[in-house]
Amino acid sequence: MELKKMKPLKDDTTESPQNGHPQKRRNPFNTQRLKEEKERRQKKKARLIVRNISYKSTEQSLREHFSQWGKLEDVHILKRGDGKLVGCAFVQYETINQATKAILHSNGKDLMERKIFVDWALGKNEYVTKHPKDEEPAEKKPKVEVKDEDGEEEDEKETKQESDGEAEEDEENSDGESNESEEDDENDDSEEEGDADSDVDEKKNKDELKSKLKIENVKKEKVISNDVQQGCTVFIKNLPFDAEDADLRKVCRKFGLVDYAIINRQSVSGHSKGTAFVKFKAKESADLCLQAGTEFKLLDEVLDPHPALSREEMKSKQTDQEKKDETGKDSRNLYLAREGLIMSGSNAANGVSASDMTKRHELEQVKTQVLKNLNRFVSRNRLSIHNLPNNYDNEKLKQMAQTYTGFRPHECRVMREQKITPEHPQGKSKGFGFLSFDTHQKALAALRKLNNNPSIFGEQHRPIVAFSIEDRAVHRIKDKRTERSKLNNPTYQAKQLQRKERRQQKRNGQQPKPQGPQTDNKTKLQKHIKKLEASRAAKAEGKSKDKKKLSDVQGEFVGTAAKEGTSLKMRSKKKIMEQSQEHMKRVRTEKRKQKNKKIRETHLAERKANNRPKQGHKKEKDDLRPLINKYKNMISGNQDGGGVKGVTGGKIKKPKRTKWYTE
C-alpha cells in the first residue's frame, strides 16, 4: 500500500484574511482589564447625583442620610478651586435596587432644611447629547443703552435683575448638571472640565454680543461713594466667626434701615476675619449703633462698633504707628542678652563640661528673671565674667584681659566676700567679676574672644562672659556723681573753656590752631610726626583701607552673635532644660567614645607586643648538672662501677654485638 502525504493543518483563526489583512490575535493579558472595566461600568449604573444640598453638609452627614436605603461605596462632594462647596454631590450604591429606593424616598425631600433633588448620574457625553446648549432667550440677554459720539440713542434696552435666591439656585443647578459622573475612569473627574467648557462658551457669546452692540462706545458713570463722609457706615469688631451676613443684618435692623452688611473674609479660604462693615440709610441709626454698648450682641458675643475711616485716614494712622514704633525701639538693649549663648549641638558646645553648661543655664534663668524688671537694662560697655579661679585678683584679671583681647579695660573688679579670714585677708573670691571698656565695639570683641575660650583656664573650666545687667536708678546716681566730680575738677573746667573758645572761633570763621604734642617729650613728638606723615601719604595715594570691625572674631568656641533690631525673646525654663539634657547626652557619648578609644589603643599595644619577631634564644648552660649526676652515682653505688664486672670508671661497657649466624 502506498501512503498518501497529508497536508499540514492550518489555524483558520490566525490566517483567515479580513479585508485583505490578517486578523490580530487576541491579547490574553487584556482579558482581566476588560473584566474590571465591565464590572466598573455595571457599578456606575448605581451612581446618583444629589443637587441643591446645603453648604454646611459634610460627607458624614450625607452617609448617615443615604445609608438607610442601602450600603454606600462612595460619597463625593464637589468643591470649587477655593474650597467652597458647589451644592452638588455624588452617591455610589452597591446595587441598582438600592439606588432606585434612594431616588423614590429622598427625591424632593428636605435635608438640613433644604429641598434636595436626586437623579441618576450620567456620563458627560450622554448629558451633552440629551441637553444641548440652546441660545439664551431674549429676556435673559443683557440690554444696554448704546450712544454714538453725537449723543443719539440707537437702542434702548432695560436690564432685569433676578432675586438672589433664584440666582443661587441657577448656579447650583448649572454646576451640578455640568459636574455629573462619567462612565470610565478617565471621565470621573471631568466635571471641572465641563465647567471650563461652559465658561468658554459663555465668554464667546458675550464677546459676540459686545461686537454686535458696540459696547466700547458706552459711557459708564463713575460712582463715588461718600459713605465715610456721611457718617452712615460703621466698622464692627469682635464678630463671631460662625456669623453670616444675614445674621448681622437682622441684629442691625433694630437701629434703623440697613443698606448693606458685609463680613470681611479671607481671599483664599473664605473664612471670616472677625470684622464687618454695616451701612445705614440714616446717620441717626449709625449713631444709635455706636452708642449701643453691651446690648449690641450676636450669637452671645458683644460686638464692638467703631466709626469707619477713609483710606487716607487709615494711611495717616499707619504712618503715625510706624513712627511710634521707630521711636519706641529697644531702649534696654535686650538683644545683647543673647550674645554669647552656647547652644547644645553647636560647634561651640564641643568639649564643654557638664558642670560649665549647667552653670550657663542657671545664669540664663537668673538673667530672664532679672530683666522682667523694667528698670533693668543690658549695658553696652560693661561685661560680667564668671567661672574665675579663686586665686584671681583685680591685677591678674586685668593682665588676662590685655593678653587675650589686646584692649586695656578701664575697670577690672573681682567680687569678694566681706568676711575677712587669715587665708583671705581681702575676702574670699565669689568666682565672678566685671570688665568695662571705652566703646561698645571693644566690649563686644572682648566678649567674643574670652567667652568659652578653652586656652584661658583649661578645657574643663572655661570663662562665662556676657554683657552685665545694670539698674537704671544706680546708673543715674553714678552719672550725677561723675558730673559733680567734673565740676569740682579745675583741669576739666579749663578744658571746657578751651572747647568753648574753639567753637566760637569756628562760628566766627577763624580756623583754630591744631593742638600739637608737648615739645619737652621727644617720644610723643616723634609719634605725632609719624601719624601726620602716614595720614598725608594715605591722602596722596587716595587709598583708605577699610579696617575690619573689632567684633569680627572667628573661632570654634565663639557662641551666637546678636544683631541689633532683632526681637528675640529669652528662652523659657522648659527649653533650657531640654538643652541641658541634650548636652548631657552629648557629653556621655563623648566620654564613651574616649573610653572605647583608650581600650582600642591598649589592645593594639598588646597585640604589637605579642607579635614581635622571635629572636635566637641561647640555651643556658647548667654548670651544676655534672656535679648532681656525680653525687647521684655515688649514692647509688655506681662510682667506679660499684664492684660490678664490666664497669670501669663508673661506665658500663656495652657487650660487643655478635652475629647470630656462623660463617
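Helix α17, spanning residues 490–508, supplies the largest share of a positive patch, contributing seven residues. The model described here is predicted. The patch lies on the surface and gathers K486, K495, R499, K500, R502, R503, K506 and R507. One of these residues, K506, is placed in helix α17 and is exposed, because its relative accessibility is 61%.

Within the group, I628 belongs to helix α20, which covers residues 625–636. I628 counts as partly exposed, at 36% relative accessibility.

From the surface, the description turns to the interior. I236 is located in strand β9, residues 233–237, and is buried, because its relative accessibility is 0%. The C-alpha atom of I236 is separated by 5.2 Å from that of A276, although the two residues are 40 positions apart along the chain.

The cysteines come next. Across the whole structure, a search finds zero disulfides. C289 takes part in none, and the nearest cysteine sulfur, belonging to C252, is 5.2 Å away.

Charged side chains provide another set of contacts. Side chains of opposite charge can pair when their charged atoms come close. The whole structure contains 11 salt bridges. One of them joins K71 and E94, whose closest N and O atoms are 3.9 Å apart. This pair links distant parts of the chain, 23 residues apart: K71 sits in the loop between α3 (59–66) and β4 (72–79), and E94 in the loop between β5 (85–93) and α4 (96–106). K71 is exposed, with a relative accessible area of 53%, whereas E94 is partly exposed at 37%.

Another salt bridge connects R382 with E411, where the closest N and O atoms lie 3.0 Å apart. R382 is in strand β15 (residues 376–386) and E411 in strand β16 (residues 411–416), so the pair ties together parts 29 residues apart in sequence. Both R382 and E411 are buried.

R462 and E459 also meet through their side chains in a salt bridge, with an N to O distance of 2.5 Å. Here R462 is buried, with a relative accessible area of 4%, while E459 is partly exposed at 43%. Elsewhere, salt bridges with shared partners join R382, E411, R413 and E470 into one network.

How values were computed:
Residues are numbered from 1 along each chain as its sequence is written. This is a predicted model: local features need pLDDT of at least 70, side-chain atom pairs count only at pLDDT 80 or more; totals for chains, interfaces and linings use all residues. Side-chain values use heavy atoms; hydrogens and water are left out. A disulfide is a pair of cysteine sulfur atoms within 2.5 Å. Patches are made of residues with over 30% relative accessible area and no salt bridge: like charges are joined within 9 Å, nonpolar side chains (Val, Leu, Ile, Met, Phe, Trp, Tyr) within 5 Å. Accessible areas come from the Shrake-Rupley method with a 1.4 Å probe; for residues, only the protein chains shown count as cover. A salt bridge is a side-chain nitrogen of Lys or Arg within 4 Å of a carboxyl oxygen of Asp or Glu. Lys and Arg count as positive and Asp and Glu as negative; His and the chain ends are not counted. The place of a charge is taken as NZ of Lys, CZ of Arg, CG of Asp or CD of Glu. Helices (H or I, at least four residues) and strands (E, at least two) are DSSP runs, numbered from the N terminus. Buried means under 20% relative accessible area, exposed over 50%, partly exposed in between (1.4 Å probe, protein chains only).
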